[in-house]
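Please open the model in your viewer and keep the sequence panel beside it. The tour below goes from one selection to the next and says what is found at each stop.

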Amino acid sequence: MRWDNLGDGPAALFGADVVSRTIDTPEFRGITFHEVRARSLVNRVPGASRMPFEWTVNPYRGCSHACVYCFARKTHSYLDLDTGLGFDSQIVVKINAPDLLRRELAGRRWRGDHIAMGTNVDCYQRAEGRYRLMPGILTALRDHANPFSILTKGTLILRDLELLRQAAGITDVGISVSVGFLDHELWRTIEPGTPAPERRLDVVRTLTAHGIPCGVLMAPVIPFLGDAPEQLRATVRAIAEAGAGSVTPLVLHLRPGAREWFLSWLDRHHPHLVRRYATMYADGAYAPTWYQRRITRQVHELAAEYGIGPARSGETRRIRPPSGDPAENSTPAADSTPTPAPTPPGPGPGPTQLTLI
């Protein structure tokens, strides 16, 4: 393994003192942890991104959730690590994340902007059970009354429920849980390292019961495998029964790194769909606009039927809208799902797919 981004130079992401560990316990078998000391933790979102926030924090690289479609796989190549099995089993751990965040939040240049977490890899993946970075991160955000949001598939977030409640009492906090489908056979093969969908919905139920805003990012909706009308209905119904404040669909997108890994999986498990995917994604990473629009319309109609609304840009995450009006800026805009504003049914522009970093 060769990492060009280690060292003492100004472009180095991490210090050179990397410690790699393997832990022979059932939950971590086959996983190597690379413990690094990050140079910085609060990252600015590229200007071209469609994300409704400017700053992110990611205490890990790589993810043992092993979601076949994960867009973040490409980021492992920046460290000369494999974007397939390597992404699932070679986890970079920024062991100084809590202390580094506290220092950056206290810096004179920091303005207290919203920070999004879980937008690259899941901050509540299994590694968090060992390294416990999130309690320190949440404590720093709470102590600085800094608004934040979390997107996760991990039930481990409930460990930090009290910290989330404390933070929500003094700043804007939004949580979004990712549940794209309920099908257990599909889940076991395409998201093998994640908690079951119903366990994630239990997280929604618990957070909501404790007064913490929680929405569901219904992602990804997987063409030909998770998009049948009865599948969409069952998923939206379960999301509504869990008490989610909003549901936002996001159709599968296949960026480089994820695309190759997903298509290899598809060829093994659903070879009859390979040609259909080649046609659907022939023009790039995103499904055709007409398909995105159809899924969005179906999910929004089901959400209305079951009494929950689609997420509006910045809603559950409770990002303050940009405005010069202090009164407007004092009103939280809610949504923890990193999604664009939904498109209403009928004519007009289709739903915008996200450009994630």
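**A helix pair and some salt bridges**

In this predicted model, begin by selecting helix 2 (residues 97-105) together with helix 4 (residues 134-143), which pack at an angle of about 15° with their axes 8 Å apart. That angle makes helix 2 roughly parallel to helix 4, and the crossing of the two helices is right-handed.

Next, show the side chains at this contact: from helix 2, Ala97, Pro98, Leu101, Arg102 and Leu105 meet Gly136, Ile137, Thr139, Ala140, Leu141 and Asp143 of helix 4. Sorted by class, the contact of helix 2 with helix 4 comprises seven nonpolar, two polar and two charged residues.

Now turn to the salt bridges, of which the structure holds 12. Select Arg73 and Asp88, whose side chains meet in one of them at 2.8 Å, N to O. Because Arg73 lies in the loop between strand 5 (60-61) and helix 1 (85-89), while Asp88 lies in helix 1, the pair ties together parts that are 15 residues apart in sequence. Arg73 counts as buried at 0% relative accessibility, and Asp88 likewise counts as buried, at 12%.

Move on to Arg159 and Asp160, where the side chains form a salt bridge of 2.9 Å, N to O; here Arg159 is partly exposed, at 28% relative accessible area, whereas Asp160 is buried, at 3%.

Finally, select helix 7 (residues 197-209), in which Asp202 and Arg205 lie three residues apart, about one turn of the helix. The closest N and O atoms of their salt bridge are 2.7 Å apart. Asp202 is partly exposed, with a relative accessible area of 28%, and Arg205 counts as partly exposed at 38%.

How values were computed
Residues are numbered from 1 along each chain as its sequence is written. This is a predicted model: local features need pLDDT of at least 70, side-chain atom pairs count only at pLDDT 80 or more; totals for chains, interfaces and linings use all residues. Side-chain values use heavy atoms; hydrogens and water are left out. Axes are lines fitted to C-alpha atoms, for helices over the stretch in contact, and angles run from 0 to 180 degrees between N-to-C directions. Helices (H or I, at least four residues) and strands (E, at least two) are DSSP runs, numbered from the N terminus. Angles under 35 degrees count as roughly parallel, over 145 as roughly antiparallel, 65 to 115 as roughly perpendicular and the rest as oblique. A crossing is left-handed if the near helix is turned anticlockwise from the far one by less than a right angle, and right-handed if clockwise. Contact means heavy atoms within 4.5 Å. Ala, Val, Leu, Ile, Met, Phe, Trp, Tyr, Cys and Pro count as nonpolar, Asp, Glu, Lys and Arg as charged, and the others, Gly among them, as polar. A salt bridge is a side-chain nitrogen of Lys or Arg within 4 Å of a carboxyl oxygen of Asp or Glu. Buried means under 20% relative accessible area, exposed over 50%, partly exposed in between (1.4 Å probe, protein chains only).
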